[in-house]
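Please open the model in your viewer and keep the sequence panel beside it.

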Amino acid sequence: MMLNKSSADKAGTLGEGCRKPQVRWAAELAGFFRPFWHWLFIAAFLVTCVFALWPGYANPPTPLGWHVVNHLMAFVVLTMLARAAWPELRRIWLFLILLAFGGLIELLQSLPFINRSMSLYDWAVDAVGIVLGLVLVWIAGWIAGEPW
């Protein structure tokens with residue numbers, strides 16, 4: 001069976017004409033931010049470091065109310081921004097790098113001058129946040145018709 005050109009385009013990749021207006025708008029928005037993804041990731045990385053390494057005696061801020069939610073959301077955002085900034089980076093490396101960052105945070109929190117407690121539970125929550133971020137990126141790509 002021969003496919004005509006329009007069927008072949010639809011079967012292979014979604015061409016610009018096949019995308020829904022909402023998807024085209026999202027793709028244009030992502031394209032607009034393309035030069036800024038690295039900077040947004042660095043900003044989120046630094047904010048995460050500040051909140052994570054805030055000295056314990058100074059009542060660390062909890063922007064989202066519960067520290068577990070803070071861990072989860074920080075790593076969801078870091079994962080999504082890292083994936084946007086470095087799309088060529090394999091997902092397993094992205095996962096391992098961010099997981100190592102979460103582990104480093106927990107190790108640094110155990111230092112006496114930071115006066116926080118190291119927690120493997122928090123590190124596990126970081127891992128869940130990374131996985132959730134990767135799943136959200138996959139869903140967004142699937143909706144946009146982009147390859148995983």
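A residue is called buried when its relative accessible area is under 20%, exposed when it is over 50%, and partly exposed in between, with a 1.4 Å probe and protein chains only. Before you select anything, note that this is a predicted model, in which local features need pLDDT of at least 70 and side-chain atom pairs count only at pLDDT 80 or more, while totals for chains, interfaces and linings use all residues. Residues are numbered from 1 along each chain as its sequence is written, and side-chain values use heavy atoms, with hydrogens and water left out.

**The whole chain**

Of the 148 residues, 28% count as buried. Taking contact to mean heavy atoms within 4.5 Å, 67% of the contacts between residues at least 6 apart in sequence join residues at least 24 apart.

**Helices H4 and H5**

Next, select residues 67–85, which form helix H4, and residues 91–109, which form helix H5; the two pack at an angle of about 140 degrees, with their axes 11 Å apart. Here the axes are lines fitted to C-alpha atoms, for helices over the stretch in contact, and angles run from 0 to 180 degrees between N-to-C directions. On the H4 side the residues that meet H5 include Phe 75, Leu 78 and Thr 79, and among their partners in H5 are Leu 94, Leu 98 and Phe 101.

**Thr 79**

If you leave aside its neighbours within four places in sequence, Thr 79 is in contact with Leu 94, Leu 98, Gly 129, Ile 130, Gly 133 and Leu 134.

**The nonpolar core**

Now colour the largest nonpolar core, which has 19 residues, with Phe 41, Phe 75, Leu 78, Phe 95, Leu 98, Phe 101 and Ile 130 having the most contacts inside it. Such a core is a set of buried Ala, Val, Leu, Ile, Met, Phe, Trp, Tyr and Cys residues joined through side-chain atoms within 4.5 Å. Helix H3 (37–52), H4, H5 and H6 each supply at least two residues of this core, and the largest share, six residues, comes from H5.

**The aromatic rings**

Rings of Phe, Tyr and Trp (its six-membered ring) pair if their centres lie within 6.5 Å, and planes under 30 degrees apart count as stacked, over 60 as edge-to-face and the rest as tilted. By this rule there are four aromatic pairs. Show Phe 45 and Phe 101, whose ring centres are 4.6 Å apart and whose planes stand at 35 degrees, so this pair is tilted. Phe 45 lies in helix H3 and Phe 101 in helix H5, so the pair ties together parts that are 56 residues apart in sequence. Phe 45 counts as partly exposed at 28% relative accessibility, whereas Phe 101 counts as buried at 10%.

**Asn 115**

Finally, move to the loop between H5 and helix H6 (120–144), where Asn 115 is found. Phi of Asn 115 is near 60 degrees, a positive value in a residue other than glycine.

Key. Helices (H or I, at least four residues) and strands (E, at least two) are DSSP runs, numbered from the N terminus.
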